[in-house]
Amino acid sequence: MSKSNNPLNDPRNQAAETQLVHGGIMRSQFNETSEALYLTSGYTYPSSEHAEALFKGDIPGHNYSRFANPTVDVLLERMALLEGAEDARGFASGMAAVTAAVMSQVRAGDHIVAARALFGGCRYVVEEFMPRWGVQSTLIDGRDPKNFEAAMRPNTKLVFIETPTNPTLELVDIRAVADIAHAHGARLVVDNVFATALYQKPLQLGADLVTYSATKHIDGQGRVLGGLVLGSKELIGGEVHTLLRQTGPSLSPFNAWVLLKGLETMPLRVRQMTESAVRIADFLAGHPKIARIMYPHHPSHPQYELAKRQMTAGSTLVSFEVKGGQEAAFKLGNALAVILISNNLGDAKSILSHPRTTTHQRLSEEARLESGVTPGLLRLSVGLENTDDLIKDIDYALSQV
């Protein structure tokens with residue numbers, strides 16, 4: 001069979017691992033193997049007529065890197081292939097992506113329904129920032145879809161969730177919530193960072209937009225910031241693009257290039273991290289100093305059946321509550337030798353965080369407890385170290401509690 005007739009010439013017929021190496025590639029006249037890095041702010045035009053047609057949108061092309069750059073284009077095409085999305089836009093950080101996804105879909109007088117178990121920054125956007133522009137919000141317990149139904153109003157235009165949630169790894173039934181949102185004329189935005197696009201496909205389950213902090217598993221090596229919003233051509237090419245173009249939270253070409261190199265190894269990294277997370281969850285589940293563990297694909301998870309139905313694997317994070325509260329949690333963290341104390345996740349290095357005093361510190365104690373962030377709660381992002389070393393490290397640290 002000639003190359004031109006090979007079904008794999010269509011990247012939609014390729015597996016995720018292949019898409020993340022080859023997807024979206026645009027080679028220059030030099031036919032480079034690695035993706036080209038276009039560090040340019042602007043572009044030249046062969047004629048005034050060409051420039052006019054380009055700015056009118058009559059012809060495709062680039063006119064300013066605030067909202068269009070060839071290196072960023074490759075990243076967006078590659079992620080859209082993986083996600084099964086029609087279109088995508090890149091942002092300077094994960095929070096810029098979340099903020100753009102939310103703000104682009106609402107206007108003054110609208111209403112947002114959100115699950116209350118959110119990353120602190122995401123909750124702040126919904127609960128504190130949006131009311132400043134006349135958009136009210138209602139936060140509910142996202143574990144039961146009926147709570148979304150009860151919170152919907154005639155002016156509800158957006159539902160926002162993350163699943164699994166940060167840091168308690170609660171789940172939200174994406175398909176059920178999408179059906180509720182659409183029945184009321186609202187759109188659903190899903191933050192899919194914890195599950196990754198490898199293990200969960202929100203758009204296939206009915207979501208309208210999906211967001212990522214590309215800083216996490218996509219880079220996965222603690223180097224650069226980045227964010228992504230993916231969805232239909234209508235939504236992405238419309239209000240999401242308009243917000244990006246007019247307010248400028250743009251992804252830099254260099255960061256996009258680094259993220260492209262991260263995508264090439266993401267399946268290998270995430271698979272290894274997940275295998276280690278499963279073993280660590282099993283170890284913690286049987287330890288007498290642990291009050292509870294939270295891991296989506298562990299049978300002890302209260303939403304285990306939903307996790308098996310919605311996620312193809314449990315992903316890379318394990319949360320657990322140490323008996324003895326914050327003092328015990330601090331003693332555990334301070335006794336670790338391999339696992340780092342930090343607040344990132346999805347990294348090649350294993351990272352432990354104490355959400356109550358870091359990522360969720362700015363929330364009130366009432367809001368923290370409402371979200372399940374107790375004094376003894378710890379979130380472990382499992383890295384690429386030897387699994388036995390990680391378990392030994394945790395075991396020793398627990399012996400010091």
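Student: In this predicted model, which residue of E3 is the bridge partner of Ala114?

Tutor: Strands E2 and E3 run parallel and are joined by five bridges. Ala114 points from E2 in one direction together with Ile112, while His111, Val113 and Ala115 point the other way. Within E3, the residue paired with Ala114 is Leu139.

Student: On the E4 side of E2, which residue stands opposite Ile112?

Tutor: E2 also pairs with E4, in the parallel sense and over four bridges. E4 spans residues 156–162. The residue of E4 that stands opposite Ile112 is Leu158.

Student: How many residues of E2 are buried?

Tutor: His111, Val113 and Ala115 point one way from the strand, and they are buried. Ile112 and Ala114 point the other way and are buried as well. E2 is thus mostly covered, the number of its buried residues being five of five.

Student: What is the order of the strands in the open sheet of seven?

Tutor: The pairing in this open sheet is mixed. The edge strands, each pairing on one side only, are E1 (87–91) and E3 (136–140). From one strand to the next the twist averages 20°. The strand order is E1-E7-E6-E5-E4-E2-E3.

Student: Which residue of E6 stands opposite Val189?

Tutor: Strand E5 (residues 187–191) and strand E6 (residues 209–213) run parallel and are joined by three bridges. Opposite Val189, the residue in E6 is Leu209.

Student: Is the β-α-β unit made by E2, H5 and E3 left-handed or right-handed?

Tutor: Helix H5 (residues 120–129) packs on the sheet, where it touches E2, E3, E4 and E5, and its direction makes about 130° with that of E3. Among the buried residues of H5 are Gly120, Cys122 and Arg123. The buried residues of H5 pack against several elements, including helix H4 (94–103) and helix H14 (365–370). The unit formed by E2, H5 and E3 is right-handed.

Student: At what angle does H7 run to E5?

Tutor: Helix H7 comprises residues 174–183. The helix lies across two strands, E4 and E5. Its angle to E5 is about 150°.

Student: Is Asn255 buried or exposed?

Tutor: Asn255 is placed in helix H11 (residues 253–285). Beyond its neighbours up to four places away in sequence, Asn255 touches Val224 and Leu225. Its relative accessible area is 17%, and the cut-off for the buried class is under 20%. Asn255 is therefore buried.

Student: How many nonpolar residues does the contact of H3 with H11 have?

Tutor: The axes of helix H3 (residues 70–83) and H11 come within 8 Å and cross at roughly 35°, in a left-handed crossing. The contact includes Val72, Leu75 and Met79 of H3, and Trp257, Leu260 and Leu263 of H11. By class, one residue is polar and two are charged, and the number of nonpolar residues is twelve.

Student: How far apart are the axes of H11 and H15?

Tutor: H11 passes H15 (residues 387–399) in a right-handed crossing, and the two helices pack at an angle of about 35°. Among the residues making the contact are Ile280 and Phe283 of H11 and Ile391 and Ile394 of H15. The contact residues divide into seven nonpolar, three polar and three charged. The distance between the axes of H11 and H15 is 10 Å.

Conventions: Residues numbered from 1 in each chain as written. Predicted model: local features only at pLDDT ≥ 70, side-chain atom pairs only at ≥ 80, totals over all residues. Heavy atoms only, no water. Buried < 20%, exposed > 50% of the residue type's maximum accessible area, 1.4 Å probe, protein only. Contact = heavy atoms within 4.5 Å. Pairing = 2+ DSSP bridges. Axes fitted to C-alpha atoms, helices over the stretch in contact; angles between N-to-C directions. Right-handed = clockwise from strand over helix to strand, strands pointing away. Left-handed = near helix turned anticlockwise from the far one by under 90°. Nonpolar A, V, L, I, M, F, W, Y, C, P; charged D, E, K, R; others polar.
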